[in-house]
Amino acid sequence: MLSQPIIDVDQLQKRFGDLKAVDGLTFSVAAGQTVALLGGNGAGKTTTISMLLGLLVPTAGRISLFGLDIARHRHKVLGRMNFSSPYVDLPHRLSARENLIVFGKLYGIKDVATRIKEIAAALDLGALLDRKTGSLSAGQKTRVALGKALLNRPELLLLDEPTASLDPDTADWVRHYLESYQRQSGAAILLASHNMNEVERLAHEVLMLRKGKIVDRGTPDDLIYRFGRQNLEEVFLDIARDRRSGEPAKAEV
Ligand SMILES: Nc1ncnc2c1ncn2[C@@H]1O[C@H](COP(=O)(O)OP(=O)(O)OP(=O)(O)O)[C@@H](O)[C@H]1O
């Protein structure tokens with residue numbers, strides 16, 4: 001028997017007035033699997049993640065996490081998951097360490113100090129811990145936010161642009177860390193990213209979104225093969241511009 005998926009989303013929809021920001025998404029993510037949401041600006045990635053976090057209420061559809069419907073059991077699943085997003089700032093006046101302590105206590109972690117030491121070693125945060133979060137560079141804040149997301153050893157990680165603002169070397173190193181975290185914890189990861197190299201490297205399945213709908217899906221290799229392209233970036237451009245394999249671009253009208 002197949003094990004129960006960690007994320008199971010059925011016909012998910014979110015409207016803002018007349019706009020269907022998310023329009024009938026159905027997908028699942030298993031333990032140990034990384035699924036990437038790819039799509040241009042406004043495709044519905046952040047709205048989907050916000051609904052999975054319970055921050056936005058769906059207009060229609062069902063979200064089940066760890067086998068529980070989050071409309072009724074959000075409090076039971078929140079402790080088993082976490083998220084990181086460059087669009088959600090940690091309080092600026094607190095030091096990075098104070099932020100991690102506050103979140104550690106919110107998550108009910110017993111020995112917060114030890115967990116912070118582990119995270120600081122894993123993500124090389126030592127030199128940043130006692131600096132005010134507001135004084136950190138964008139890339140340093142991204143690393144602290146990732147540290148916050150790992151504090152409770154989540155079984156489900158929702159990552160919105162996890163390597164935004166990181167230099168290529170640090171981004172590569174963070175991706176490596178995420179892979180090893182997933183290998184040893186078996187965590188499920190849902191990733192929204194504009195970085196195609198990142199998606200090619202981390203994702204087991206890619207969901208291509210346009211205007212809130214899944215317009216194509218598959219493993220990165222499968223999509224590259226089907227579109228007859230060299231890499232996912234070219235596939236992304238084809239889908240964004242509504243072209244299929246090898247067709248030239250439509251003239252702008
Ligand atoms: N609170 C809101 N009220 C009205 N419209 C919204 C709201 N939040 C998002 N939208 C709209 O919903 C659509 C999807 O937005 P969303 O932020 O999910 O896109 P995205 O795929 O994350 O884009 P990006 O790559 O730019 O971050 C957009 O058209 C956006 O303008």
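The following questions and answers concern a predicted model of one protein chain.

User: How many helices and strands are there in the protein chain?
Analyst: Both kinds of element occur in this predicted chain. The count is nine helices and ten strands.

User: What radius of gyration does the protein chain have, and why does it agree with a compact globule?
Analyst: The C-alpha trace spans about 55 × 40 × 40 Å along its principal axes. A compact globule with 253 residues would have a radius of gyration near 18 Å.

User: Which percentage of contacts with a separation of 6 or more comes from residues 24 or more positions apart?
Analyst: Of the 253 residues in the chain, 36% are buried. Among contacts with a separation of 6 or more, the share from residues 24 or more positions apart is 64%.

User: What is the orientation of α3 and α4 to each other?
Analyst: Helix α3 covers residues 96-106 and helix α4 covers residues 112-123. Their axes lie 10 Å apart at an angle of about 125°. Angles over 145 degrees count as roughly antiparallel and those of 65 to 115 as roughly perpendicular. The orientation of α3 and α4 is therefore oblique.

User: Which residues of α4 meet α3, and what is the handedness of the crossing?
Analyst: From α3, the residues at the contact are R97, L100, I101, G104 and K105. Their partners in α4 are V112, R115 and I116. By class, this contact has four nonpolar, one polar and three charged residues. The crossing of α3 past α4 is right-handed.

Note on methods
Residues are numbered from 1 along each chain as its sequence is written. This is a predicted model: local features need pLDDT of at least 70, side-chain atom pairs count only at pLDDT 80 or more; totals for chains, interfaces and linings use all residues. Helices (H or I, at least four residues) and strands (E, at least two) are DSSP runs, numbered from the N terminus. The radius of gyration is taken over C-alpha atoms; the globule rule is 2.2 Å times the number of residues to the power 0.38. A residue is buried if 20 or more other C-beta atoms lie within 10 Å of its own, exposed if 12 or fewer, and partly exposed in between; C-beta atoms are placed from the backbone. Two residues are in contact if their C-beta atoms, placed from the backbone, lie within 7 Å. Axes are lines fitted to C-alpha atoms, for helices over the stretch in contact, and angles run from 0 to 180 degrees between N-to-C directions. Angles under 35 degrees count as roughly parallel, over 145 as roughly antiparallel, 65 to 115 as roughly perpendicular and the rest as oblique. A crossing is left-handed if the near helix is turned anticlockwise from the far one by less than a right angle, and right-handed if clockwise. Ala, Val, Leu, Ile, Met, Phe, Trp, Tyr, Cys and Pro count as nonpolar, Asp, Glu, Lys and Arg as charged, and the others, Gly among them, as polar.
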